[in-house]
Structures are given as C-alpha cells and as structure tokens.
Amino acid sequence: MIPTRKVNKRQLILDEAAKLFKQKGFGGTSMRDLASEVGIEAASMYNHIKSKDEILELICFRISGIYISQLAEIEATQAAHGEKIKALIRLHIRLMIEDGAAVSVANHDWKYLREPALTEFKQARKQYEKGFATLIEQGIAASEFQPVNVSVALFTILSAVRWVELWYRPGRELSAEELEANIITMLLTGLEKK
C-alpha cells in the first residue's frame with residue numbers, strides 16, 4: 001500500500017506543478033510554492049521528487065510521449081490522409097482540454113529543460129513534426145490535399161490548435177466535440193463555400 005500512496009502523491013505533485021508552471025511560469029514557481037499547493041512540507045517533497053528540473057522533464061516527456069505514440073498509431077492505420085490529419089487535430093484538442101496545464105508546460109516551458117533533456121526533447125518535437133509533415137506530404141502526393149507548402153500547412157495547424165488552451169473552458173457554448181468539428185472544418189475546408 002505505501003508504494004501506491006507514494007505514486008499518488010508523486011502524481012499529485014506533477015499535476016499541481018503543471019498548473020503552477022502554467023500560471024506562474026517555470027522560473028516563477030518555487031518548490032515551496034508547490035509544497036504549499038500540494039499541502040506538504042517543502043522538505044517532504046524530496047521524498048517524492050528529486051528537483052523542480054525533474055518535474056519539468058517528467059511533464060514535458062510525458063506529453064511528447066503521448067503525441068509520438070499516437071502519431072505512430074495513426075500512421076499505421078489504413079485511413080485516408082485527411083482522416084489521419086483529423087485524428088491528430090482531435091488528439092491535440094483533446095489533450096488541451098483534458099490535460100491543458102501539462103500541454104501548456106510542454107509547449108512553453110520546455111526551453112528551461114537542462115541538458116541532455118533539452119536536446120532529447122527538441123529531437124522528440126522534431127520527430128513528431130516530421131511525422132506530421134510526412135502525412136501532409138503524402139496527402140498532397142495522393143491529391144487529397146491542395147499543393148501547399150508543407151511547413152506552412154504544418155505550423156498553421158499546430159498554431160491553430162494551441163490557442164485552445166487559452167480560450168476553451170468547459171461550459172462554454174461549445175462542447176469539446178463541437179470545438180473539434182469547428183476547428184477541423186476551418187483548418188481543412190475553410191470558411192469559403194464551394
């Protein structure tokens with residue numbers, strides 16, 4: 001029973017850290033702030049976690065791991081390229097809605113990672129972006145997509161879904177499913193009626 005309790009306390013620390021890092025930034029959050037939020041003594045934090053740097057690493061790599069594993073699953077399907085891109089967009093939106101603080105930390109505070117974690121995280125981001133870009137390239141080659149610049153398409157999609165963390169709140173006039181459908185329509189079809 002004790003190991004389970006320790007794991008739960010560790011997860012609580014990671015969850016609260018993500019919220020504080022999102023709110024105050026990695027640099028603006030102290031271990032004392034975090035201990036106060038979790039409800040334990042600052043010295044006791046080190047029974048569960050080595051350092052603030054380790055917390056940042058765990059959050060960033062958990063999120064990048066989700067993106068990379070989901071990309072691999074989507075790539076392996078026989079779906080059309082448009083359906084694969086829609087699945088990736090849904091993944092981004094779902095993660096923002098369900099785990100927004102951690103996604104925000106992985107999107108913004110990754111630059112505070114220490115080496116070698118910083119280089120590893122940059123490589124993970126590049127791997128994900130390259131895989132996403134390849135799906136767009138394949139869709140263009142298969143005449144499913146307009147012949148646009150792949151980098152412009154990729155970063156337009158990624159930038160467009162990132163604002164969800166700032167805007168979406170449960171209880172708005174839009175459900176999570178409606179939000180996904182609207183964003184997919186805007187990104188893959190646009191406003192113009194054909």
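Reader: Which residues form one aromatic cluster with Phe21?

Author: The model discussed here is a predicted one. In it, one aromatic cluster is formed by Phe21 together with Phe26 and Tyr112.

Reader: How many aromatic pairs does the structure hold, and what is the angle between the planes of Phe21 and Phe26?

Author: The structure holds six aromatic pairs. In the pair of Phe21 and Phe26, the rings are 5.2 Å apart, centre to centre. The pair is edge-to-face, and the angle between the planes is 80°.

Reader: Is Phe21 buried or exposed?

Author: A residue counts as buried under 20% relative accessible area. The relative accessibility of Phe21 is 2%, and therefore Phe21 is buried.

Reader: What is the relative accessibility of Phe26, and which residue lies over the face of its ring?

Author: Phe26 has a relative accessibility of 7% and so counts as buried. Over the face of Phe26, at 4.4 Å from the ring centre, lies Lys52.

Reader: Why is the pair of Tyr128 and Phe132 described as edge-to-face?

Author: Planes over 60 degrees apart count as edge-to-face. The ring centres of Tyr128 and Phe132 are 6.0 Å apart. Because their planes stand at 85°, the pair is edge-to-face.

Reader: Where do Tyr128 and Phe132 lie, and what separates them?

Author: Both residues belong to helix H6, which covers residues 117-141. Since Tyr128 and Phe132 are four residues apart in that helix, their separation is about one helical turn.

Reader: What are the relative accessible areas of Tyr128 and Phe132?

Author: Tyr128 is buried, its relative accessible area being 6%. Phe132 is buried too, and its value is 0%.

Reader: Which residues are in contact with Ile184, leaving aside its neighbours within four places in sequence?

Author: Ile184 is part of helix H9, residues 176-188. Its relative accessible area is 8%, so Ile184 is buried. With the neighbours within four places set aside, the contacts of Ile184 are Lys86, Ile89, Arg90 and Thr189.

Reader: How many helices and strands are there in the protein, and what percentage of its residues count as buried?

Author: The protein has nine helices and zero strands. Its C-alpha trace spans about 60 × 40 × 35 Å along the principal axes. Of its 194 residues, the share that counts as buried is 41%.

Reader: How far apart lie the centres of the positive and negative side chains?

Author: The protein has 26 positive side chains and 25 negative ones. The distance between the centres of the two sets is 3 Å.

Technical notes: Residues are numbered from 1 along each chain as its sequence is written. This is a predicted model: local features need pLDDT of at least 70, side-chain atom pairs count only at pLDDT 80 or more; totals for chains, interfaces and linings use all residues. Side-chain values use heavy atoms; hydrogens and water are left out. Helices (H or I, at least four residues) and strands (E, at least two) are DSSP runs, numbered from the N terminus. Buried means under 20% relative accessible area, exposed over 50%, partly exposed in between (1.4 Å probe, protein chains only). Contact means heavy atoms within 4.5 Å. Rings of Phe, Tyr and Trp (its six-membered ring) pair if their centres lie within 6.5 Å; planes under 30 degrees apart count as stacked, over 60 as edge-to-face and the rest as tilted. A charge sits over a ring if NZ of Lys or CZ of Arg is within 6 Å of the ring centre and within 35 degrees of the ring normal. Lys and Arg count as positive and Asp and Glu as negative; His and the chain ends are not counted. The place of a charge is taken as NZ of Lys, CZ of Arg, CG of Asp or CD of Glu.
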